[in-house]
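Below are my notes on the model, as numbered points. Please read them with the coordinates open.

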Amino acid sequence: MAELATIARPYAEALFKACAASSGADLAATASWLNELALIADNSQVRQLADNPKVTADQVFDLFVGVARSALPDMARNFLRTVIDNGRIAALSEVAAQFRVLVNSRNGSSDAIVHSAFPMEPSALTELSAALEKRFGRKLNLSVQLDPSLIGGVRVVVGDEVLDTSVKARLEQMKAALIA
């Protein structure tokens, strides 16, 4: 959704600048609480309550603070208050995603999602990480998602780049070659 991206960009940039300007703000900690707020905002029941005109902004704020796993720092509370007051709860996931991109660009890294048919051993993930970093030419922050439909192998997504070495992809290539 381009509209959410457009709405989220100023929030992500302002939060990033505030963290950079504040000597006590940790970008990783900020990304962590921002991701947590985004997960809460993505809950359909929370969204339904927040969209109810009979529910006040203070009630929505209290709900977020109450549901959060840990105590939110002042910066998080101020940011959340601003987002709620401006009716931008729906954009929180996109704000979190754009904030991660800003942090990664500052660190010279990228997020990578490794889709695997089976759980990966830590040693295999370490080897894969080294090979992928060489292939993509930058440090990668790997996360693994299980996808049994791949049958075997992995599918790696780094931003808009995809490296698919799964059995499913090879079968699709063979199918296309046979049809052609």
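1. The crossing of H4 and H5 is right-handed; a crossing has this hand if the near helix is turned clockwise from the far one by less than a right angle, and is left-handed if anticlockwise. Helices here are DSSP runs of H or I with at least four residues, strands are runs of E with at least two, and both are numbered from the N terminus.

2. The model is predicted: local features need pLDDT of at least 70, side-chain atom pairs count only at pLDDT 80 or more, and totals for chains, interfaces and linings use all residues. Residues are numbered from 1 along each chain as its sequence is written, and side-chain values use heavy atoms, with hydrogens and water left out.

3. How do H4 and H5 pack? Helix H4 spans residues 57–67 and helix H5 residues 74–85; their angle is about 140° and their axes lie 10 Å apart. Axes are lines fitted to C-alpha atoms, for helices over the stretch in contact, and angles run from 0 to 180 degrees between N-to-C directions. The pair is therefore oblique, the class left over once angles under 35 degrees are called roughly parallel, over 145 roughly antiparallel and 65 to 115 roughly perpendicular.

4. On the H4 side, the contact (heavy atoms within 4.5 Å) is made by Ala57, Asp58, Val60, Phe61, Phe64 and Val65, and on the H5 side by Arg77, Leu80, Arg81, Ile84 and Asp85. Seven of the residues in this contact are nonpolar, none is polar and four are charged. Nonpolar covers Ala, Val, Leu, Ile, Met, Phe, Trp, Tyr, Cys and Pro; charged covers Asp, Glu, Lys and Arg; the others, Gly among them, are polar.

5. Val60, Phe61 and Phe64 are the buried residues to check in H4; buried means under 20% relative accessible area, exposed over 50%, and partly exposed in between, with a 1.4 Å probe and protein chains only. These residues cover an arc of only 100° around the axis, so they sit on the same side of H4; the arc is that of the directions from the helix axis to the C-beta atoms. The buried residues of H4 pack against helix H2 (27–42), helix H3 (44–51), H5 and helix H6 (92–107).

6. Leu128 belongs to helix H7, residues 122–136. Its relative accessibility is 18%, so Leu128 counts as buried. Leaving out residues up to four places away in sequence, Leu128 touches Val114 and Met120.

7. The protein chain has eight helices and four strands. Of its 180 residues, 33% count as buried.
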